Amino acid sequence: MTSYGLTSASHAGGPAPARLTVGIVSAGRVGTAIGAALERVGHIVFGVSAVSSASVHRAETRLPESRILPIDEVAKRSELLVLAVPDSELASIVSGLASTGVVRPGALVAHTSGANGIGVLAPLTALGATPLAIHPAMTFTGHDEDTARLANACFGITAADEIGYAVAQSLVIEIGGEPVRVAEANRTLYHAALAHGSNHLVTLVVDAVAALRVALAGQELLGQQTIDEQPNGVAERMLAPLLSAALDNALRRGQSALTGPVARGDVAAVAAHLAVLEAADPDLAAGYRAMSLRSAQRIGAGAELIDLLEEGR
């Protein structure tokens with residue numbers, strides 16, 4: 001197997017790692033963030049594929065030194081080909097590239113899918129490419145902060161052998177991230193855990209904001225911002241320090257960070273919450289019930305509270 005000369009030596013005062021010619025497919029939020037991060041450490045992102053007007057704009061603004069090229073042209077010239085496409089499109093992109101034979105033998109082919117390991121790259125591996133799964137555990141907005149956030153993110157990496165892992169590790173370390181090894185068989189579980197934490201947190205917060213707006217509307221103090229449906233208002237400012245502290249406590253102290261009526265086993269308070277939430281929004285109440293039940297199960301709450309939360313399931 002080709003030796004790529006990639007090391008983390010540059011972070012320890014040693015010689016800089018080899019520079020790679022990088023192609024990105026495609027110019028989405030993830031692809032442009034990773035491309036910009038690789039450029040910052042000296043790799044040459046020569047080309048990127050972009051079809052929609054939004055992706056063309058991202059390519060032109062975030063990777064201005066790169067040419068917008070067809071996928072086969074990007075693949076043909078890449079020493080490192082980054083496939084930053086939706087999970088649903090990855091297999092077909094790989095199959096198409098394999099059928100045309102444009103990926104050079106010995107090229108590094110890395111995808112950014114969380115749910116997939118290197119198995120999806122098998123058609124290209126069979127042609128001599130080195131398969132890598134390098135998934136940033138981060139949410140992306142499509143703006144410059146995405147690249148900055150990569151420097152503090154963990155990346156789930158999967159490779160075919162120790163050389164592949166060394167390459168993936170070096171690439172992640174170069175851009176400031178922390179590589180974390182994920183077994184091929186565990187990629188879906190890994191991805192489910194991340195989705196459960198990040199995606200459902202958004203739903204939880206938005207639901208809490210919605211309920212708080214109802215509770216606060218019409219009670220504004222003189223000169224205070226009106227409670228309305230616009231984001232970044234009074235409800236969000238009230239919740240922000242509480243939610244930040246709760247998240248920090250959970251990450252630092254685990255389950256012992258849980259507070260509130262469920263943790264105290266206060267059946268009457270939980271029942272009252274369910275009643276007012278049901279009146280405000282039955283769907284929101286159903287979410288509160290489900291999360292309260294999961295919290296109660298985690299702490300081994302008493303039967304009375306469990307029975308209350310299981311009603312109507």
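Predicted model: local features only at pLDDT ≥ 70, side-chain atom pairs only at ≥ 80, totals over all residues.
Eight of them form an open sheet in the order 3-2-1-4-5-6-7-8, and the pairing is mixed. Select residues 67-68 and then 178-181: these are strand 3 and strand 8, the edge strands, each of which pairs on one side only.

Now show the whole chain. The protein has 13 helices and 8 strands. Its C-alpha trace spans about 65 × 45 × 45 Å along the principal axes. Of the 313 residues, 39% count as buried.

**Strands 4 and 5**

Select residues 80-83 and 108-111. These are strand 4 and strand 5, which run parallel and are joined by 4 bridges. Pick Leu-81 and look across to strand 5, where its bridge partner is Val-109.

Stay on strand 5 and show the side chains. In a regular strand, side chains alternate between the two faces of the sheet. Here Leu-108 and Ala-110 point one way, while Val-109 and His-111 point the other way. Are these residues buried or exposed? All of them are buried.

**Strands 6, 7 and 8**

Move to residues 154-159, which make up strand 7; 5 of its 6 residues are buried, so the strand is mostly covered. Strand 6 and strand 7 run antiparallel, with 5 bridges between them. Strand 7 and strand 8 run parallel and share 4 bridges.

Select Ile-157 in strand 7. Which residues are its bridge partners? Ile-157 pairs with Ile-134, and its partner in strand 8 is Arg-181.

**Two stops in loops by the strands**

Go to Ser-26, in the loop between strand 1 (21-25) and helix 1 (29-40). Most peptide bonds are trans. The bond joining Val-25 and Ser-26 is cis, with omega of about 10°.

Then select Ser-66, in the loop between helix 2 (53-62) and strand 3. Ser-66 has a relative accessible area of 11%, and it is therefore buried. A polar atom of the Ser-66 side chain lies 2.5 Å from the backbone oxygen of Val-45.

**Salt bridges**

The structure holds 8 salt bridges. Side chains of opposite charge can pair when their charged atoms come close.

Begin with Lys-76 and Glu-73. Their closest N and O atoms are 3.5 Å apart, and the two form a salt bridge. Both lie in helix 3 (residues 71-77), and because they are 3 residues apart, about one helical turn separates them. Lys-76 is partly exposed at 41% relative accessible area, and Glu-73 is also partly exposed, at 29%.

Next, select Arg-213 in helix 8. What does its side chain meet? One partner is Glu-229, at 3.4 Å from N to O. Glu-229 sits in the loop between helix 8 and helix 9, so this pair ties together parts that are 16 residues apart in sequence. Arg-213 is buried, with a relative accessible area of 13%, whereas Glu-229 is exposed at 62%.

Another partner of Arg-213 is Glu-236, at 2.8 Å from N to O. This pair links distant parts of the chain: Arg-213 is in helix 8 and Glu-236 in helix 9, 23 residues away. Both Arg-213 and Glu-236 are buried.

Finish this part with Arg-62, Asp-144 and Asp-146, which are linked in a network of salt bridges.

**Loops and surface among the helices**

Select Asn-232, in the loop between helix 8 and helix 9 (234-253). Most residues other than glycine have a negative phi. Asn-232 is not a glycine, yet its phi is positive, at about 65°. Its relative accessibility is 62%, so Asn-232 counts as exposed.

Next, find Gly-302, in the loop between helix 12 (282-299) and helix 13 (303-310). Gly-302 is partly exposed, with a relative accessible area of 47%.

For the last stop, show the surface and select Leu-201, Leu-204 and Met-291. Together they make a nonpolar surface patch of about 270 Å². Leu-201 belongs to helix 8 (residues 187-216). With 39% relative accessibility, Leu-201 counts as partly exposed.

Methods: Residues numbered from 1 in each chain as written. Heavy atoms only, no water. Patch = residues over 30% accessible without salt bridge, like charges linked within 9 Å, V, L, I, M, F, W, Y side chains within 5 Å. Areas by Shrake-Rupley, 256 points an atom, 1.4 Å probe, with all protein chains shown as cover. Salt bridge = Lys/Arg side-chain N within 4 Å of Asp/Glu carboxyl O. Buried < 20%, exposed > 50% of the residue type's maximum accessible area, 1.4 Å probe, protein only. Pairing = 2+ DSSP bridges. Polar contact = N/O pair within 3.5 Å; in protein donor to acceptor, adjacent residues only side chain to side chain.
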